[in-house]
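Have a look at the sequence and the coordinates first.

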Amino acid sequence: MKCYDCAKNGKEADTSGICIVCGRGVCSSHLIREEIPIIDMKQYSVHLEGKDLDHINKILCNSCHEAIMENVCEVRQ
Ligand SMILES: [Zn+2]
Ligand SMILES: [Zn+2]
């Protein structure tokens, strides 16, 4: 699979991770791996619960990371 963000910019790069939210492949320079508080995955396209959440690598693409950070900020206000 090729990196979605690189493809958008007319480049080709092999993916080194898969976004847990949208399922796009992203290369190492476009993936974001971070301990993020996943509040309610049900509103996204993946359905993970309980023990599954402990084992996933929280890899996100740029756009999903932005979207989640916005949601987290809204929730915290
Ligand atoms: Zn890329
Ligand atoms: Zn994504």
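What follows covers confidence, overall fold and one residue.

This is a predicted model, so to speak plainly about cut-offs: local features need pLDDT of at least 70, side-chain atom pairs count only at pLDDT 80 or more, and totals for chains, interfaces and linings use all residues. Residues are numbered from 1 along each chain as its sequence is written, while chains are lettered from A and ligands numbered from 1 in the order in which they are written.

On confidence, pLDDT is the predictor's own score for each residue, from 0 to 100. The protein chain averages 76, with 62% of the residues at 70 or above.

| Element | Residues | Mean pLDDT |
|---|---|---|
| helix α2 (lowest) | 51-55 | 52 |
| strand β2 (highest) | 25-26 | 94 |

Contacts are pairs whose C-beta atoms, placed from the backbone, lie within 7 Å. Among contacts between residues at least 6 apart in sequence, 51% join residues at least 24 apart.

Now zoom in on D5, which sits in helix α1 (residues 4-8). Is D5 buried or partly exposed? D5 counts as partly exposed because it has 19 C-beta neighbours inside 10 Å. Leaving aside residues up to four places away in sequence, D5 touches V26, H30, C61 and N62. With H30, 25 residues apart along the chain, the C-alpha separation is 6.9 Å.

Terms used
Two residues are in contact if their C-beta atoms, placed from the backbone, lie within 7 Å. Helices (H or I, at least four residues) and strands (E, at least two) are DSSP runs, numbered from the N terminus. A residue is buried if 20 or more other C-beta atoms lie within 10 Å of its own, exposed if 12 or fewer, and partly exposed in between; C-beta atoms are placed from the backbone.
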